[in-house]
Amino acid sequence: PGLDILAKRAGLLYFGTAIDNVVLNNTQYTSIAHNASEFGQVTPSNGQKWMYIEPARNVFNYSMGDAIVLPAIAHRQLRRCHNFVWHNQLPDWLTTGNWTKSELEGILENHIRHEAQHYYGECYAWDVVNEAFNDNGTLRSDIWLDTIGPEYIALAFRFARKYTRPGTKLYYNDYGIERINNKSLAVAAMVEDFLSREEPVPIDGVGLQAHFTAGTSPGYENITRVIEVFAEKGVETALTELDVRVKLPDSSEEMVQQAKDYADSVRACVDSESCVGVTVWDFWDTVSWVPDTFPGFGDACLWTANFTKKPAYYAISDVLRGD
Ligand code: G3I
């Protein structure tokens, strides 16, 4: 049985993958990506981001998002939609405009309204705000914070609730929050603040991206502990972008370490009541974002460039079987 079948037996809602538009013409790739017994959930790794969805002001183009979402619907794979608000992959018209606070709030609402309505009812979850915090727990300086102020996050969640189908899970998603540290505690404090307001800010989940390096990943204990912190604040969690990079050229020892790090991470989610599912940030080494961003590192995914499953695949399979 594939990973999603095993994940559901283990009590998760899904085991999923990110899918990238650049390789949709590769049928070997798409036949695995849309194999629902392997992946019961998909996330477009780029196709729903602002620069592609609203390339010119108030001009919307859903072709890249649809190219992933529509086949996923046909194959009965859940969709985690990604993302409404981020500092990265914004169109030039947006980043170079000299907006007032109220203009930018209007742009934000208009973008969320259009994209949420286009994908109305089609997303199990939306990553409403992505990567808003610095490692030290302060908010990242970007167009949103600098123009609107810290309230832009709450505002985005309120817009998301207003325009998505009721029941859509609204997530805050970030990296480096897979253990208790300044950043994860700041996210937890934000959740507590949101849910304790007189008019609560609607937030349902925190996405732990889980981009790890073999040998230094946080491990089972740290991940379960921070998931518990978020659960105490009242939100669900998911591992939303799991991958484990290794130093190149890789070796069989590194593949063993990578398998252990993948397995420990998945086990942490399985063992945590509030963790709903695991998504790998693509399953195919050839499209991984890692080599471009971390020169000298790579081979972070479950399938090699020639579509062979790695030890990490079987280690996850064993965890999900309860071995
Ligand atoms: O769109 C162009 C295309 O026209 C051109 O042919 C191609 C040539 O390289 O580049 C394409 O743009 C690339 C885009 O991915 C689509 O493939 C960009 O150069 C590249 O920078 C971009 O990288 C993406 C990255 O986000 C941007 O920061 C990765 O694929 C994507 O996996 C990555 O995803 C992020 C999550 O959204 C948030 N968390 C971290 C994660 C990893 O960085």
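Visitor: Is strand β2 covered on one face or on both?
Guide: Both faces of β2 (residues 41-44) are covered, with Gln-41 and Thr-43 buried on one side and Val-42 and Pro-44 buried on the other. Buried means that 20 or more other C-beta atoms lie within 10 Å of the residue's own, exposed means 12 or fewer, and partly exposed is in between, with C-beta atoms placed from the backbone. In a regular strand, side chains alternate between the two faces of the sheet. Helices (H or I, at least four residues) and strands (E, at least two) are DSSP runs, numbered from the N terminus.

Visitor: Before I go on, what kind of model is this?
Guide: It is a predicted model, where local features need pLDDT of at least 70, side-chain atom pairs count only at pLDDT 80 or more, and totals for chains, interfaces and linings use all residues. Residues are numbered from 1 along each chain as its sequence is written.

Visitor: And what is the mean pLDDT of the chain?
Guide: The mean is 98, and 100% of the residues reach 70 or more; pLDDT is the predictor's confidence in each residue, from 0 to 100. For the complex, the predictor gives an ipTM of 0.93 and a pTM of 0.97.

Visitor: Back to β2, how many bridges join β1 to it?
Guide: There are 4 bridges between β1 (residues 14-19) and β2, and the two run parallel. Strands pair if DSSP finds at least two bridges between them. Gly-16 stands opposite Gln-41 of β2.

Visitor: New topic: which residues are around the ligand?
Guide: Asp-20, Val-22, Ser-45, Asn-46, Asn-88, Gln-89, Asn-130, Gln-209, Glu-241 and Trp-289. Near here means a C-beta atom, placed from the backbone, within 6 Å of the molecule.

Visitor: Now Met-255, where does it lie?
Guide: Met-255 lies in helix α11 (residues 252-270). It counts as partly exposed because it has 18 C-beta neighbours inside 10 Å.

Visitor: What is Met-255 in contact with, beyond its neighbours within four places in sequence?
Guide: Asp-250, Lys-310 and Pro-311; contact means C-beta atoms, placed from the backbone, within 7 Å.

Visitor: Which residues of α11 are buried, then?
Guide: Among them are Tyr-262, Val-266 and Cys-269. What covers the buried residues of α11 includes α10 (219-233), β8 (236-247) and α13 (311-321).

Visitor: How far is Met-255 from Phe-159 in space?
Guide: They are 44 Å apart, C-alpha to C-alpha, and 96 residues apart in sequence. Phe-159 is one of the buried residues in α8.

Technical notes. Two residues are in contact if their C-beta atoms, placed from the backbone, lie within 7 Å.
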